[in-house]
Amino acid sequence: MTVQKRVSVACLIIGFFVPVDAARVRSEVATAQAQQAAAPLPLTMPNKADSLKFAILGDFGTGSREQYQLAAIMKRVHDQYPFNLVTLVGDNLYGSERPQDFKKKFEDPYKPLLDDGVKFYASLGNHDDPQEQRNYKLFNMDGKRYYSFKPDGNQSVRFFALESSYLQPEQVAWFEQELKASNSDWKIPYFHHPPYSSGERHGSDPQIRSALEPLFLKYNVSVVLTGHDHFYERTKPQKGIVYFVVGAGGQLRKGNIDTRTGLTAAGNDRDQSFMIAEINGDEMWFNAISRQGQVFDSGSFTRRK
Amino acid sequence: MAGRCRLIVMAMGVSLSLMSCACSRSSSPPVDQAKAAVPGTGTSTPPAQPVNEDAKALAAFLDRVNQYVLVHQKLENTLPKLSKESTPQQVDAHQRALSKLIQDARKDAKQAEIFTPESQVVIKKLIAKIFSGPDGAGLKASVMDENPGVPNLKVNDRYPDEIPVSTIPPQLLEGLPKLPEEMEYRFVGDDLILMDTHAHIIADFIPNTFTK
């Protein structure tokens with residue numbers, strides 16, 4: 001029941017940060033982005049025709065310039081690597097959730113992706129109003145606070161979107177029933193609070209872990225997608241399961257990864273980021289991509305059986 | 001009568017974990033049975049089975065919750081129904097219209113009308129018991145994560161848009177009386193609020209929940 005890990009870490013960015021003049025950095029970033037605009041991004045995905053291709057994004061709905069810049073990178077990635085869906089790991093809108101906020105913090109930055117037919121499937125974080133978001137068509141929650149779905153295509157995958165800030169017993173029972181009933185090879189839960197994280201601000205959530213990890217193990221979950229801590233982290237496999245924290249889609253807490261936890265296989269707490277993934281048969285590939293368009297983590301692993 | 005019995009049975013389930021605690025602690029505050037009575041349910045008919053005072057207090061709380069939800073549902077049914085295809089404008093308009101209707105219908109509502117005084121004592125005791133367990137410190141830390149509190153909390157107020165909701169750990173939810181779909185528990189600072197999730201308003205709250 002162990003993951004046969006074949007991870008090749010392209011680049012591990014955790015440590016170094018030299019404070020420089022912010023205006024100069026912005027100028028340099030803009031110049032670099034302009035220079036890179038026409039160049040393809042250095043993705044390392046197989047991009048097979050019959051794969052399930054998807055993206056993961058979390059803690060994004062700020063309406064900030066950084067969110068928009070990352071969204072522009074997502075569009076560039078999509079042009080090279082046509083993912084059909086995005087799983088949202090929560091904190092989809094920060095602050096007020098008036099109609100204009102849905103536009104500014106979601107519809108406008110991701111308009112190019114929405115126009116391309118990409119579907120976003122939300123889970124709820126602690127900054128999200130369940131009533132506003134579960135009924136929002138573009139979040140595809142079908143009026144529910146937690147739900148599962150099987151994406152189109154040939155791959156044997158089912159996603160489970162949970163609401164981890166209010167994990168009542170009936171939700172846990174529902175989740176187990178769904179896992180039990182699913183005959184998909186890949187069962188992928190995603191939610192906001194990370195069972196494992198090296199965040200100094202939040203870190204691992206032992207309550208969520210104790211409620212859900214036994215089910216992950218019992219039903220052969222191989223990968224879990226979360227957010228909440230505002231950085232990217234891929235953990236070393238925990239009891240055979242790889243946990244991702246993808247919580248820097250707009251927010252960012254610089255220097256917040258505590259490397260002393262011993263959990264981190266790769267991380268980035270220096271820039272906004274998101275992740276893409278590809279499933280084909282028993283294999284899952286991933287790239288983590290920064291707002292600068294750098295692929296700072298990549299690899300693949302085989303599902304638990 | 002049948003509904004009342006159901007409530008008491010539900011409350012008994014929650015209070016089972018407290019019973020040993022209540023029985024072993026002679027200092028547990030006595031609950032006045034008359035005060036725990038709920039309007040419209042009758043107090044002269046004896047319950048179907050013996051229950052402890054904590055269970056009665058929780059049954060009274062759940063009865064008040066259900067009375068609130070009946071009002072909520074009646075008012076919500078006067079509004080256009082939301083669909084899975086709703087726009088943010090429609091969802092927002094629905095939420096604010098519902099909150100206005102409930103606020104008007106409960107304009108004289110005061111703190112402790114749903115969380116009855118007796119149930120407050122029991123719920124605080126339940127929470128204290130959970131927080132005093134081996135995982136108590138972690139549970140409390142989860143609740144207080146990104147939970148700065150709000151000064152001058154009031155019944156019927158809209159839950160502040162700028163403040164994230166507190167996480168309620170599953171271990172805590174297991175120990176509290178189960179609520180209907182329209183309602184949920186959240187903490188604002190150390191005040192336990194009963195939140196109307198459709199209307200996004202505070203239906204009632206228990207102040208200083210962590211204080212005996």
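**View 1. Helix H5 of chain B, shown from end to end.** In this predicted model, helix H5 of chain B runs over residues 117–131 and has 15 residues. From first C-alpha to last, H5(B) reaches 21 Å, close to the 21 Å expected at 1.5 Å a residue. If you look for buried positions along H5(B), you will find Glu118(B), Ser119(B) and Gln120(B) among them, together with Val121(B), Val122(B) and Ile123(B). Lys125(B), Leu126(B) and Ile127(B) are buried as well.

**View 2. The contact between chain A and chain B.** Here 29 residues from chain A meet 29 residues from chain B. On the side of chain A that touches chain B, the elements giving two or more residues are helices H3 (99–107), H5 (130–134), H6 (169–181) and H7 (206–218) of chain A. That side of chain A divides into 10 nonpolar, 12 polar and 7 charged residues.

**View 3. Lys239(A) in its loop.** Chain A has 7 helices and 14 strands, and Lys239(A) lies in the loop between strand S9 (232–235) and strand S10 (242–246). Although Lys239(A) is not a glycine, its phi is positive, at about 50°. Lys239(A) counts as exposed because 12 other C-beta atoms lie within 10 Å, and the cut-off for exposed is 12 or fewer.

**View 4. Asn156(B) in its loop.** Moving to chain B, we find Asn156(B) in the loop between helix H6 (136–144) and helix H7 (170–175). Asn156(B), a residue other than glycine, also has a positive phi, near 80°. Asn156(B) counts as buried because 20 other C-beta atoms lie within 10 Å, and buried begins at 20 or more.

Note on methods
Residues are numbered from 1 along each chain as its sequence is written. Chains are lettered from A and ligands numbered from 1 in the order in which they are written. This is a predicted model: local features need pLDDT of at least 70, side-chain atom pairs count only at pLDDT 80 or more; totals for chains, interfaces and linings use all residues. Two residues are in contact if their C-beta atoms, placed from the backbone, lie within 7 Å. Helices (H or I, at least four residues) and strands (E, at least two) are DSSP runs, numbered from the N terminus. Ala, Val, Leu, Ile, Met, Phe, Trp, Tyr, Cys and Pro count as nonpolar, Asp, Glu, Lys and Arg as charged, and the others, Gly among them, as polar. The expected span of a helix is 1.5 Å times one less than its number of residues.
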